[in-house]
Amino acid sequence: MLQLHGCARTALAAETGCSNGTKNALSELACELASQIALPGTTLVVAGMPAADAELTDGSRLAGRISSVIASGFGSKAKGHPAAATVSAAQMAAAKYGALLYLEPEIAAGKLRLTANLYPIARGFWDRVRQPSPAASAHGFAERNLDPELRSFFAPIPLVAKRTTLAVPPERSPVALACGDADRDGSPEIAVVGRRRIALGRIRQGRFVAQRSRDWNDLSPVAATPVRAPIAAAFFRDALLDIGSSDRSSFLRVDQDLEPTARATRRIPFGAACLEIGGHALATTPVRCLPDDAPPILRNMGVQLDSVTSTTLLTERGSAATLIAGYVAADDAIEVHARGQRLGRLENAGAQLALADLDGDGRAELLSSLATLDAKRDALVVHTVSGDGQLVERFRLSVPDGITAITTCAPGTTSMGAIVVGTQARLWIIQ
């Protein structure tokens, strides 16, 4: 099953104001739980042994780490327990505290889910006799994609293309793809953007089955000055989808029904922000996609780009860095930038590209097509971007019907993030 793109968010995060995917996962979970549960006084935070869909290297130590970080999110009222414990053992350990916050961690499909229950602690002997197992007085729930810190408790994920599924797309030669959980049901969808229509659906028995489909003409008129070879991109932002195409006069942000929630003048989204379309080229300075979006943290690229993408990386220490990659048609090259400076450069590259942390180790993978006019010679090439800007090739896969779009999904607990490639005739799902 395809896993969620890193841009997919929980509805609760938006409601609480807690970040999602830009900080240490445990600290983000602590923020959400603290917004849901009010502690009555000094509280012991204890996590049970994590249930996981893969083997953990040290589950008890992970439980202790979860307890410690969640407790810190509640401030001085809470103290974390150093190891995993059952509910009954946790209640005994919390005897000298006013309350117990018991956490039940579950790791599945590349996510950590925390269920939290707050229990009052009976102080007196007769109180404990009358109510030996008190009912929870408050509940909470939060989830996040696994970050490099959490993944360090599992075996490393190999970057290997083990299985390829071919599917019939809703439209030949899609110009953009995206992967995300549009309806927030825990199962991701693929957005396929063509020159005539946009579709959102899943792969079923070798076919793309559209759950929603809209004609471009119903969403936006044709641009006054379309580009002959269209520039297009699609990115999930929370459960909404940003879509931009040089063929059309409007940038769109649409919901799970592909109904526009907002629109703007011609611009191309690249995850972190947008680039405006000026004539037949992209501007070099990132802008907000919509007026209410956060201001771009990326600077002027300093070079004319013909396609662009970005990703935000997290390290085991919880720091975040945004990388941007752009295709320079004049040189048949892709440049990777970070912190306003060029980090690396890939020569003899094609215009189709994506950036993602496919194995969740805190380093980005650059996915690209080849610089060829012969579709039969095209290939998907995957490089890891090292901290010093070196591009290390990990694998390549021949795609003899010509790549027209690339996207990725977030990795599973122990599996590489799925790669979705659009071609002149098919969708390739590489896992």
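The entries below follow that order, and I note at the outset that the model is a predicted one.

**Entry 1, nonpolar cores.** I began with the largest nonpolar core, which I find to have 33 residues, and I noted Ile66, Ile70, Leu103 and Leu112 as those with the most contacts inside it. I then asked which elements give two or more residues to this core, and listed α2 (25-36), β1 (43-47), α3 (59-73), β4 (99-108), β5 (111-120) and β6 (138-145). Of these, α3 gives the most, with six residues. Looking at Ile70 in particular, and leaving aside residues up to four places away in sequence, I recorded that Ile70 touches Leu26, Leu29, Ala30, Leu33, Val45, Leu103 and Leu114.

I searched the whole structure for cavities of 30 Å³ or more and noted two. The largest cavity holds about 50 Å³ of space, and its lining consists of Leu298, Arg299, Asn300, Met301, Ile324, His337, Gly340 and Gln341. Sorted by class, that lining has three nonpolar, four polar and one charged residues.

I count 24 salt bridges in the structure, and I looked at three of them in detail.

For Glu335 and Arg345, whose side chains meet at 2.8 Å, N to O, I wanted to know which parts of the chain the pair ties together. Glu335 belongs to strand β21 (residues 333-338) and Arg345 to strand β22 (residues 341-347), so the bridge ties together parts that are ten residues apart in sequence. Glu335 is buried at 7% relative accessible area, whereas Arg345, at 25%, counts as partly exposed.

Next I took Asp401 and Arg426, where the closest N and O atoms are 3.2 Å apart. Asp401 sits in the loop between β26 (391-398) and β27 (403-408), and Arg426 in the loop between β28 (419-423) and β29 (427-430), so this pair ties together parts that are 25 residues apart in sequence. Asp401 is buried, with a relative accessible area of 12%, while Arg426 is partly exposed at 30%.

Last, I noted the salt bridge between the side chains of Asp361 and Arg363, at 3.3 Å, N to O. Asp361 is partly exposed, at 33% relative accessible area, and Arg363 is partly exposed as well, at 39%.

How values were computed: Residues numbered from 1 in each chain as written. Predicted model: local features only at pLDDT ≥ 70, side-chain atom pairs only at ≥ 80, totals over all residues. Heavy atoms only, no water. Core = buried A, V, L, I, M, F, W, Y, C linked by side-chain atoms within 4.5 Å. Buried < 20%, exposed > 50% of the residue type's maximum accessible area, 1.4 Å probe, protein only. Helix = DSSP H or I, 4+ residues; strand = E, 2+ residues; numbered from the N terminus. Contact = heavy atoms within 4.5 Å. 1 Å grid on protein atoms, 1.4 Å probe; cavity = no way out; pocket = protein on both sides within 12 Å on 5 of 7 lines; lining within 4 Å. Points joined across faces, edges and corners; volume = space filled by probe spheres on them. Nonpolar A, V, L, I, M, F, W, Y, C, P; charged D, E, K, R; others polar. Salt bridge = Lys/Arg side-chain N within 4 Å of Asp/Glu carboxyl O.
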